[in-house]
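Subject: Handover of a structure

Dear colleague,

Please find below the structure that I am handing over to you. My notes on what was found in it follow directly after.

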Amino acid sequence: MEETKDWKNGMKVGHRFIASFSGGKDSALALYKAMQVGEAIGLIVMLEEEGKRSRSHGMPPELIRAQADSIGLPLYTAAASWAEYEEAFIGLLKQAKNRGAEVLVTGDLELTDYGCWQDEVSTKAGLKLGMPLWQMDHLETVETFINLGFLSIVVTVNLSLGMRESDLGRRLDHEFVKELLDRGIDPCGEGGEFHTTVLDGPIFKTPIPVRKCDIVRHGDYAFLPLELDENETISS
C-alpha cells in the first residue's frame, strides 16, 4: 500500500484529540505519546452488542471505566454488532468533534492490505488521523512501553501461534519479551498471538486493582478474565 498521508505525525502540537482505546499496551502507548503534544478529551471504547464486554479485548465495562477514571478522561462508548460497528464508531467520533476534538488517535502499528479504515472513518467524521506508533519497530515499541513504566499482563493467547496457557497473567517485561523472541513470537503480538490489559503506568494516577478469574478456553484461544477488585493491590 502506498503511503499517502503522514499518519504517524497526524497529531500536531496543541491539537485536541479523541483516542481509540482497547485497554491494552498499544493503545496506552499511543495515548501517552499523543498526550505529550496534544490535549486528550476522551477515550472511545466499543462494546459488544450486549454491552457486557469491550469489542476488542473482552474487558468488562467497570474495568474500562476504572482505567479511564485513573487516566482522568471521559469514556465515549457504544454497544454494537459488527454490522453496526462502523456507523456507531463514526457517531462517537462526531460526538467528540462537537466537543472540540480535531484528531482521532489510534495505536495501530500496521495497516491491512485493504486500506486504512481508521482514515476513512475519521474523514467521515471530519477529523484528522494520528497513529503515533505507525510503522514503529515492534521490539522498539514494546521496549519503549516497558521502559516508560507501564504495567500490563497477558489476558488472551492464541494457542495455535506459539502462545501457551501458562502465559496468561504474565507481566509484559523485558524477561518475557526475550522469551517471546526466543520462541519466535512477535513481542507486540501483531499477528494476533496475544493481548494485554494495562494496569498502571505514567498516564495513570493510581494502579487498577484486579482479581484474576478462571481461565476460559474457546477453540485455539485461552482467556484470563479480569474483574475490578478494590481489595487487591498492584505490585509495581
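Buried means under 20% relative accessible area, exposed means over 50%, and partly exposed lies in between, with a 1.4 Å probe and protein chains only. At 7% relative accessibility, Cys116 therefore counts as buried, whereas Cys213, at 23%, counts as partly exposed. The structure holds zero disulfides, a disulfide being a pair of cysteine sulfur atoms within 2.5 Å. Cys116 is accordingly in no disulfide, and the nearest cysteine sulfur, that of Cys188, is 18 Å away.

Please note that this is a predicted model, in which local features need pLDDT of at least 70 and side-chain atom pairs count only at pLDDT 80 or more, while totals for chains, interfaces and linings use all residues. Residues are numbered from 1 along each chain as its sequence is written, and side-chain values use heavy atoms, with hydrogens and water left out.

The predictor's confidence in each residue is given as pLDDT, from 0 to 100. The chain has a mean pLDDT of 90, and 91% of its residues reach 70 or more.

Helix α1 (residues 25-35) is largely enclosed by the rest of the structure, because nine of its eleven residues are buried. Helices (H or I, at least four residues) and strands (E, at least two) are DSSP runs, numbered from the N terminus. Among the buried residues of α1 are Lys25, Asp26 and Tyr32. The cover over the buried residues of this helix includes β1 (16-20), α2 (61-71) and β7 (194-200), where contact means heavy atoms within 4.5 Å.

There are seven aromatic pairs in the structure. Rings of Phe, Tyr and Trp (its six-membered ring) pair if their centres lie within 6.5 Å; planes under 30 degrees apart count as stacked, over 60 as edge-to-face and the rest as tilted. Tyr32 and Phe150 form an edge-to-face pair, at 6.2 Å centre to centre and with 85 degrees between the planes. This pair links distant parts of the chain, since Tyr32 is in helix α1 and Phe150 is in the loop between α5 and β6 (151-158), 118 residues apart. Both Tyr32 and Phe150 are buried.

Ser122 lies in helix α4 (residues 117-124) and is buried, with a relative accessible area of 0%. Leaving aside residues up to four places away in sequence, Ser122 touches Leu93, Leu104, Leu127, Lys128 and Leu129.

Yours sincerely
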